[in-house]
Amino acid sequence: KRLPQAIIIGVKKGGTRALLEFLRVHPDVRAVGAEPHFFDRNYERGLARYRDLMPRTLEGQITMEKTPSYFVTKEAPARISSMSKGTKLIVVVRDPVTRAISDYTQTLSKKPDIPTFESLTFKNRTTGLIDTSWSAIQIGIYAKHLENWLLYFPIGQILFVSGERLISDPAGELGRVQDFLGLKRIITDKHFYFNKTKGFPCLKKAEGSSKPHCLGKTKGRTHPDIDQEVVQRLRDFYRPFNMKFYQMTGQDFGWD
């Protein structure tokens, strides 16, 4: 059992589960199924306990885990860096407005009596002041969170995966991820088929199985209809942060 050489650190509702499931098809990737939440919630348990959670690997295999909340956790960059400065980090990002709505939809499925998306978005609806303390909005200010990581890791050690392209061209994004991890490009478009009902790609064969595999029923939930004026306000709010994020990463994600 080894400490992970690569971690999917974010973001929540970005497509991290899909990425991990797709990656596990690769014979040289071994990953923890559940999210360990070590660097945010369980750090005091110590690295030996963390290593215990990891799967056994052979020489040349990569150990991985994913916990999407690491990206927004203040202490996570320093903690991961003190484990290993060489850890490769992967961030799956998607349009912060659809990400926020998806986040809200997930909460709504567990707590049907929460306030409307619209009322949670604003501190004050009349002045149009956005409530940045609401985590659904906070998470999407990617540029701000990234600054924290860049204090500990060079930008070249972080790969940014487009959640949108993970759906429209899974093999293309997986190609970039395999290159980044120094793996042979084994996962290609022959591994995927598009599920029209779900609206996203599925694996023809999952890890260790000969059956097709789609992500569970909690993925691809139908979003509630959100007032278009609110959506527009959010687009305007995120625009400068998105532009800054594009500059920092050298990638235009095309959200505007």
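Analyst: Helix H1 (16–23), helix H4 (96–110), helix H8 (163–168) and strand S9 each supply at least two residues of the lining of the largest pocket. Those labels come from DSSP runs, numbered from the N terminus: a helix is a run of H or I with at least four residues, and a strand is a run of E with at least two. Before going on, keep in mind that this is a predicted model, where local features need pLDDT of at least 70 and side-chain atom pairs count only at pLDDT 80 or more, while totals for chains, interfaces and linings use all residues. Residues are numbered from 1 along each chain as its sequence is written, and side-chain values use heavy atoms, with hydrogens and water left out.

So what counts as a pocket? Picture a 1 Å grid over the protein atoms alone: a pocket is an open set of points where a 1.4 Å probe fits, with protein on both sides within 12 Å along at least five of seven lines, and lining residues have an atom within 4 Å of a point. The largest pocket holds about 800 Å³ of space; grid points are joined across faces, edges and corners, and the volume is what probe spheres set on those points fill. Its lining has 34 residues, and Lys13, Gly14, Gly15, Arg94 and Lys219 lie nearest its centre. Sorted by type, the lining has 10 nonpolar, 13 polar and 11 charged residues. Here Ala, Val, Leu, Ile, Met, Phe, Trp, Tyr, Cys and Pro count as nonpolar, Asp, Glu, Lys and Arg as charged, and the others, Gly among them, as polar.

Now zoom in on Lys13. This residue sits in the loop between S1 and H1. Lys13 counts as buried because its relative accessible area is 15%; buried means under 20%, exposed over 50%, and partly exposed in between (1.4 Å probe, protein chains only). Its backbone is worth a look too: Lys13 is not a glycine, yet its phi is positive, about 60°. Gly10 and Val11 are joined by a cis peptide bond, with omega about -10°.

Next comes H1 itself. Eight of its eight residues are buried, so H1 is mostly covered. The buried ones are Thr16, Arg17, Ala18, Leu19, Leu20, Glu21, Phe22 and Leu23.

Let's step over to strand S4 (residues 88–93). Five of its six residues are buried. S4 pairs with strand S1 (residues 6–10) in the parallel sense over four bridges, where strands count as paired if DSSP finds at least two bridges between them. In that pairing, Ile7 stands opposite Leu89. S4 also pairs in the parallel sense with strand S7 (residues 158–162), over five bridges, and there Ile90 stands opposite Leu159.

Val93 belongs to S4. Val93 is buried because its relative accessibility is 0%. Its contacts (heavy atoms within 4.5 Å) bring several parts together: leaving out residues up to four places away in sequence, Val93 touches Val11, Tyr142, Val161, Ser162, Gly163, Glu164, Phe245, Phe253 and Trp255. Notice Val11 from the cis peptide bond in that list.

Finally, go to S9, one of the elements supplying the lining. Applying the disulfide rule (a pair of cysteine sulfur atoms within 2.5 Å) gives one disulfide. Cys202 and Cys214 form this link, with sulfur atoms 1.9 Å apart. It joins distant parts of the chain: Cys202 in strand S9 (residues 200–203) and Cys214 in the loop between S9 and helix H10 (228–249), 12 residues apart. The link of Cys202 and Cys214 is right-handed, with 100° about the S-S bond.
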